[in-house]
Amino acid sequence: MTESEFLDLADSTLNRIETCFDNLNDMDVVDVECKRNGNVLEIEFIANGSKIIINSQAPLQEMWLAARSGGYHYKRIGDEWRNTRDDSEFFAALSDVATQQGGAPVKVG
């Protein structure tokens, strides 16, 4: 994948995540505030102040996810972002950490 293709894909991924959390907030599923600055998306859970930070790493062509449970790196394999260590899928992992930190079942995707 070219750098330009990666940047477009990473941007659309971050937009998708931000839209999903904004919708979850609007539906009162979880109280969050999203802040986007370039290639970094910060999701703050208002009730406990915890955060999930997602950012793209263009030189490595990876998406990085930082949560209370740790930091994770994802590479694009086919049509999915896959963890570079355990091959887990990005949106499933994001749903899990958001559920843990938000205190309510969260499905991102």
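Biologist: Where in the structure is the place of E42?

Modeller: E42 sits in strand β2, residues 40-45. Strands are DSSP runs of E with at least two residues, helices are runs of H or I with at least four, and both are numbered from the N terminus. This is a predicted model: local features need pLDDT of at least 70, side-chain atom pairs count only at pLDDT 80 or more, and totals for chains, interfaces and linings use all residues. Residues are numbered from 1 along each chain as its sequence is written, and side-chain values use heavy atoms, with hydrogens and water left out.

Biologist: Why is the pair of E42 and K51 called a salt bridge?

Modeller: The term asks for a side-chain nitrogen of Lys or Arg within 4 Å of a carboxyl oxygen of Asp or Glu. In E42 and K51 the closest N and O atoms are 3.3 Å apart, so the pair meets the definition. Side chains of opposite charge can pair when their charged atoms come close.

Biologist: Which residues does E42 touch, leaving out those up to four places away in sequence?

Modeller: E42 touches E33, C34, K35, K51, I52 and I53. Contact means heavy atoms within 4.5 Å.

Biologist: How many salt bridges does a search of the whole structure find?

Modeller: The search finds five. One of them joins R36 and D11, with the closest N and O atoms 2.6 Å apart. R36 lies in strand β1 and D11 in helix α1, 25 residues apart, and the pair links distant parts of the chain. Another salt bridge joins the side chains of E80 and R82, at 2.7 Å from N to O.

Biologist: What makes R36 count as partly exposed?

Modeller: Buried means under 20% relative accessible area, exposed over 50%, and partly exposed in between, with a 1.4 Å probe and protein chains only. R36 has 27%, so it counts as partly exposed. D11 has 35% and gets that label too. K51, at 36%, is partly exposed, and E80, at 32%, is partly exposed.

Biologist: Which residues of α2 are buried, and what do they pack against?

Modeller: The buried ones are F90, F91, A93, L94, S95, V97, A98 and Q101. They pack against α1 (3-26), β2, β3 (51-57), β4 (62-67), β5 (70-77) and β6 (80-83).

Biologist: Why are β5 and β6 called paired?

Modeller: Two strands pair if DSSP finds at least two bridges between them. β5 and β6 have four, and run antiparallel. Y74 has N83 in β6 as its bridge partner. Their hairpin has two residues between the strands, and G78 there takes a positive phi near 65°.

Biologist: What makes the phi of D28 worth a look?

Modeller: Most residues other than glycine have a negative phi. D28 is not glycine, yet its phi is positive, near 60°. D28 lies in the loop between α1 and β1 (32-37). With a relative accessible area of 70%, D28 is exposed.

Biologist: Why is D87 called partly exposed rather than exposed?

Modeller: D87 has 44% relative accessibility, so it counts as partly exposed. D87 is in the loop between β6 and α2. Its phi is positive, near 65°.
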